Amino acid sequence: MSDTTARKIIKVLMISLTLPMKSVYPQLLDGKALAQRIQDQLKAEVERLKSTYGRPPGLAVLMVGDHPASAAYVRNKERACTKVGIASFGQHFPADVSQSEIEQTIDRLNQDPNVDGILLQLPVPAHLNAVYLLHKIDPDKDVDGLHPLNLGRLLRGERGLQSCTPAGVMRLLREYRIDLKGKNAVVVGRSILVGKPIALMLLEADATVTIAHSRTKNLAELTRQADILIAAVGRPNLITADQVKPNAIVIDVGINRVIDAQGKSRLVGDVDFDAVREMSQFITPVPGGVGPMTVTMLLQNTVFSYTRTHS
Ligand SMILES: NC(=O)c1ccc[n+]([C@@H]2O[C@H](COP(=O)([O-])OP(=O)(O)OC[C@H]3O[C@@H](n4cnc5c(N)ncnc54)[C@H](OP(=O)(O)O)[C@@H]3O)[C@@H](O)[C@H]2O)c1
């Protein structure tokens with residue numbers, strides 16, 4: 001081998017040794033791509049079910065008032081239903097609708113054999129009792145997993161309809177073969193919609209789980225010990241790079257609308273993405289991480305509920 005060739009080989013080796021840090025590491029947990037793959041599978045499954053049983057699965061999304069973020073979420077959900085062939089039975093109520101009118105609608109949908117899933121888009125206006133409305137939904141049609149029976153099943157580690165965002169996070173972690181056994185998981189946020197059910201699911205997967213919230217003292221000390229860090233708060237840049245353990249797996253559930261330096265409105269999570277991605281092993285982008293998985297788990301829960309009815 002000539003000197004020139006040897007020098008070229010050494011140069012290529014040196015370049016390739018320095019490259020991985022920037023080009024391969026860290027990896028994005030691509031919720032958008034995974035959601036698309038699952039939706040393609042669901043579409044084929046829905047077609048098969050329709051030809052076998054004569055009707056498509058049906059989902060009713062109930063929305064009260066015209067909160068712009070909720071309206072966008074509901075539109076997304078209904079669009080996703082159309083894409084995979086799930087029939088929509090949604091109803092949009094004015095902001096001053098009475099509790100009894102929504103209860104009657106839920107009763108009717110509970111009885112409707114064409115409806116497999118019912119979801120009440122939260123939050124609802126303050127004059128409504130959201131907890132009671134959630135209790136009214138038939139647990140077998142509770143595709144948001146918020147009925148006490150389904151939350152109880154989750155607590156016991158039993159199979160049942162599970163809250164969509166936490167289920168989507170777990171699915172994403174499984175897809176990337178992230179081993180959770182014995183890992184330190186810190187969940188920031190303790191809502192019944194996201195924080196608590198994610199913590200239970202991580203516990204079920206044998207992680208050692210800590211839940212933090214607005215009264216937690218020394219949050220950074222806890223987050224710095226996290227092999228798996230889940231941020232589910234709703235505050236842009238709450239989690240900065242100095243609060244994250246090098247090589248951690250970071251799941252950003254937060255969705256916050258901010259105005260950037262150019263005066264443009266954009267969505268960001270709870271994590272300072274640009275800084276944290278440099279030192280984490282895996283990280284979810286916002287948008288394109290957990291959000292698409294949430295919608296997809298809703299579709300999956302609706303199909304699950306349908307197949308259970310027909311089994
Ligand atoms: N990607 C998705 O598909 C998806 C789905 C659902 C929600 N989200 C987003 O996820 C975020 C959380 O949603 P959520 O429904 O769980 O919100 P939430 O009900 O408002 O709960 C927020 C949680 O964050 C805690 N918290 C507030 N400030 C904190 C602080 N400075 N330090 C530590 N913890 C703090 C609160 O603690 P306390 O309990 O002490 O008040 C609470 O437990 C929001 O941005 C929401 O838009 C995204």
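**Ligand shell and strand pairing in the predicted model**

The ligand is surrounded by 20 residues, of which Arg 190, Ser 191, Ser 214, Ile 255 and Thr 294 are the closest; the structure described here is a predicted model. By class, the residues of this shell divide into 9 nonpolar, 9 polar and 2 charged. Among the secondary-structure elements, helix H12, which comprises residues 290-310, gives the most to the shell, with 3 residues.

In the case of Ile 255, a polar backbone atom is found 3.0 Å from an oxygen atom of the ligand.

According to the unreviewed UniProt entry, residues 163-308 are annotated as the domain "Tetrahydrofolate dehydrogenase/cyclohydrolase NAD(P)-binding". In the model this span is 35% helix and 19% strand, and its end C-alpha atoms lie 17 Å apart.

A further element is strand S5 (residues 117-120), from which Gly 117 and Leu 119 point one way and Ile 118 and Leu 120 the other way, with all of these residues buried. Strand S5 runs parallel to strand S2 (residues 58-64), to which 4 bridges join it, and within this pairing Ile 118 of S5 is the bridge partner of Ala 60.

Methods: Residues are numbered from 1 along each chain as its sequence is written. This is a predicted model: local features need pLDDT of at least 70, side-chain atom pairs count only at pLDDT 80 or more; totals for chains, interfaces and linings use all residues. Side-chain values use heavy atoms; hydrogens and water are left out. UniProt positions are given in the numbering used here, feature names are shortened, and annotations may be inferred rather than shown by experiment. Helices (H or I, at least four residues) and strands (E, at least two) are DSSP runs, numbered from the N terminus. A residue is near a molecule or strand if one of its heavy atoms lies within 4 Å of it. A polar contact is a pair of N or O atoms within 3.5 Å; within protein, one must be able to donate a hydrogen and the other to accept it, and residues adjacent in sequence count only if both atoms are side-chain atoms. Ala, Val, Leu, Ile, Met, Phe, Trp, Tyr, Cys and Pro count as nonpolar, Asp, Glu, Lys and Arg as charged, and the others, Gly among them, as polar. Buried means under 20% relative accessible area, exposed over 50%, partly exposed in between (1.4 Å probe, protein chains only). Two strands pair if DSSP finds at least two bridges between them.
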